[in-house]
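Hi,

Here is the model I promised to pass on to you.

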Amino acid sequence: MQKSKLLNIILAVAVLVLVIQLVNKNERTERRSAATAAAIKDTLLTKTDAAMSPFKKKSLGVRSEVYPKPAFVIGTYDKSGKANIMTAAWAGICNSDPLSIAVSMRPATYSYHNVTESKAFTVNIPSSEMARYVDYAGRFSGKDVDKFVETGLTPVKGEYVNAPYVKEFPIVIECELTTYHDLGSHRQFIGKVIDVKVDEAILNAEGRVDVNLLNPLIYGGGNYFETGKYIAKTGESLHDIDGMPFVPDYSRKYANEILEVIHNRKSVRHFTEQLVSKEQIETLLKAGMAAPTAANRQPWKFYVITERETLDLLAEKLPYAKMLTQVQTAIVVCGDMDKAGNLKELGYWVQDCSAATQNILLAAESMGLGAVWTAAYPYEDRVEVVTKVLEMPENHVPLNVIPVGYPTGEDLPKDKWRPENVVWKEKV
Ligand SMILES: Cc1cc2nc3c(=O)[nH]c(=O)nc-3n(C[C@H](O)[C@H](O)[C@H](O)COP(=O)(O)O)c2cc1C
């Protein structure tokens, strides 16, 4: 009896130890994955330390550091009808309608003269197993050798154009020369795509090329590579890392245009030189004045600055408004203390002018303009700068300075949705 009691106790203790270990392990795993996610986020999004930064750049001058480069093989006939191939990396799709491919060739190549005379070429896309043929076609000239004979590749007369394609290559594209441009070292031949032929073995169920099956050869500045691993569908790479969008997902659709504008509004700090018209500024001001105000006091005044000197002076004297040097117009939203009346002490004018400011920023976004709220009030020094530079009367207090212009597109909206910032008091 006593022995079985002892056994029961030992068993219970063992189970308890196991449970504790399991809980600890889960906590450790969760902590570790949270730390990993934070590290990824840190590396991708926030690292600014120059020494550590993956974004630290070194200028290399004028060099063809464009990656990945294609390694196409161009098929042509010479005057006597001899089929030739040459490798070309200075090539790619250059128009959609009509679908066209550009290939640049040096006059020293045999193919250059072939295309100029026959007005046709084929683009043969190699898989990575064909690197040796590509290399050969790029090292020897059809002037000296018959590259089809030497490599054992099979020339097939184009079905639609006067150029041969390579039977063994998985994708062959027949092109008819439409025009060319002499650019300097190279003549860029533009070929209209007449037909595309693809090995059935590399087609997927939808009849489209499976890039993994094709495994196209990639040229990377003196080296050949094969295609890497699949990453994501287009658009998928914008999806969340650790629950936060990597970059805002522009494909995301909101219920209506107003929500689109609200979510796409961003602080624009990079502007083009394009001028904003007086009518556009008036539209912004009307939007500003449509904001709600306490007791309908409308306790505001809007200064519109278009004088270059004034914009530059404000840029010089305000710490966070340097972008004023890039724009031709700025709006200064001010509280008008005379109109604030007995609500002045409560500070309602700040809320009212803030609502007007947000309306202006949203209106700018909706019109394809860019703007950013740079604060004046409550910083006494900044308020003093703005009032002095704009020679304002005492009853006007500048809340902010808003540079307005056309955005370069560099500034992007942020996704600030954080469910944890919401406190739901729900009925249970
Ligand atoms: C990977 C690679 C890419 C090349 N890209 C080009 C190119 O875009 N344009 C060009 O004129 N020559 C290019 N060449 C060099 C030509 O392929 C080479 O001069 C070839 O011998 C020309 O052949 P052909 O005289 O029979 O026309 C490339 C060579 C290699 C190996």
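To start with the ligand: how many nonpolar, polar and charged residues does the shell around the ligand have? By class, that shell has 10 nonpolar, nine polar and four charged residues (Ala, Val, Leu, Ile, Met, Phe, Trp, Tyr, Cys and Pro count as nonpolar, Asp, Glu, Lys and Arg as charged, and the others, Gly among them, as polar).

Two points on how to read everything here. Residues are numbered from 1 along each chain as its sequence is written. This is a predicted model, where local features need pLDDT of at least 70 and side-chain atom pairs count only at pLDDT 80 or more, while totals for chains, interfaces and linings use all residues.

On confidence, the protein chain averages a pLDDT (the predictor's confidence in each residue, from 0 to 100) of 88, and 84% of the residues score at least 70. Residues 28-33 have a pLDDT below 50, and beyond near neighbours in sequence this stretch has zero contacts in the model; two residues are in contact if their C-beta atoms, placed from the backbone, lie within 7 Å. Residues 42-51 are also below 50, with eight contacts beyond near neighbours in sequence. Where pLDDT is low, the predicted coordinates should not be read in detail.

Overall, the protein chain has 11 helices and 19 strands. These are DSSP runs numbered from the N terminus: helices are H or I with at least four residues, strands E with at least two. Of the 428 residues in the chain, 28% are buried, where buried takes 20 or more other C-beta atoms within 10 Å of a residue's own, with C-beta atoms placed from the backbone. Among contacts between residues at least 6 apart in sequence, 68% join residues at least 24 apart.

Back to the ligand: 23 residues surround it, and the closest are Trp 90, Ser 111, Gly 138, Ser 141 and Gly 142 (near is a C-beta atom, placed from the backbone, within 6 Å). Strand E3 (83-88), strand E5 (99-105) and helix H2 (110-118) each give two or more residues to this shell. E3 has the largest share, with four residues.

Next, some strand pairing, which takes at least two DSSP bridges between two strands. Strand E9 (171-182) pairs in the antiparallel sense with strand E6 (120-125) over six bridges and with strand E10 (187-198) over 11 bridges. Glu 174 in E9 stands opposite Thr 122 and also opposite Asp 195 in E10. The hairpin of E9 and E10 has four residues between the strands, and Gly 184 there takes a positive phi near 140°.

Helix H10 (348-366) has 19 residues and reaches 27 Å from its first C-alpha to its last, close to the 27 Å expected (1.5 Å times one less than the number of residues). Its buried residues include Trp 349, Cys 353, Ala 356, Ile 360 and Ala 364. An α-helix has 3.6 residues a turn, so residues three or four places apart point the same way. Gly 368, which follows H10, has a positive phi near 80°.

Finally, Val 327 sits in the loop between helix H8 (308-317) and strand E16 (329-336). Why is Val 327 buried? Val 327 counts as buried because 26 other C-beta atoms lie within 10 Å. Beyond its neighbours within four places in sequence, Val 327 is in contact with Phe 271, Leu 311, Pro 403, Val 404 and Gly 405.

Best wishes

Definitions and conventions. Buried ≥ 20, exposed ≤ 12 C-beta atoms within 10 Å, placed from the backbone.
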